[in-house]
Amino acid sequence: DTESGIPSAVTDSLLKMVLFASNMLTTPNYSGPSRELLVARFYANEVGFAVKELKEAVSARDLDRAGAAWAFGKDSWNSYFTVVNKHISEKVGDKFEAVI
């Protein structure tokens, strides 16, 4: 990401998405990843793709491509939130709100 070896804010947020999902969607009674965890990771990967696509579209000054990348990324974030929100109880805290 950067020459200093420190990940960018985007990479850092993607890593935190996966770590959060891993903590929320993993049960100690099952040694493998749950189906929901795999789905959450899939959406995190889609967010990463959307960010790269958006960056390239902005660099190319391609407004249509940038808009499509934004819509794809927004859908991926909202899908991720749908998966993890099911496991956030009132004791844990507030659920994630959709990106609009």
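How many aromatic pairs does the count come to in this structure? I will come back to that after a word on the model, which is predicted, so that local features need a pLDDT of at least 70 and side-chain atom pairs count only at pLDDT 80 or more, while totals for chains, interfaces and linings use all residues. Residues are numbered from 1 along each chain as its sequence is written, and side-chain values use heavy atoms, with hydrogens and water left out.

On confidence, pLDDT is the predictor's own score for each residue, from 0 to 100; its mean for the protein chain is 91, and 97% of the residues reach 70 or more.

To the opening question, then: the count is 7 aromatic pairs, where rings of Phe, Tyr and Trp (its six-membered ring) pair if their centres lie within 6.5 Å, and planes under 30 degrees apart count as stacked, over 60 as edge-to-face and the rest as tilted. One of them joins phenylalanine 20 and phenylalanine 96, edge-to-face, at 5.6 Å centre to centre with 90° between the planes. This pair links distant parts of the chain, since phenylalanine 20 sits in helix α1 and phenylalanine 96 in the segment after α3, 76 residues apart; helices here are DSSP runs (H or I, at least four residues), and strands are runs of E of at least two, numbered from the N terminus. Phenylalanine 20 counts as partly exposed because its relative accessibility is 29%, the terms being buried under 20% relative accessible area, exposed over 50% and partly exposed in between, with a 1.4 Å probe and protein chains only. Phe20 and Phe96 also belong to one aromatic cluster with Trp77, Tyr80 and Phe81.

Methionine 17, leaving aside neighbours within four places in sequence, is in contact (heavy atoms within 4.5 Å) with Ala44, Val47, Trp77 and Tyr80. The buried residues of α2, including Ala44 and Val47, pack against α1 and α3.

Finally, which residues does asparagine 78 touch, not counting those up to four places away in sequence? They are Ala98 and Val99, and asparagine 78, which lies in helix α3, counts as buried because its relative accessibility is 19%.
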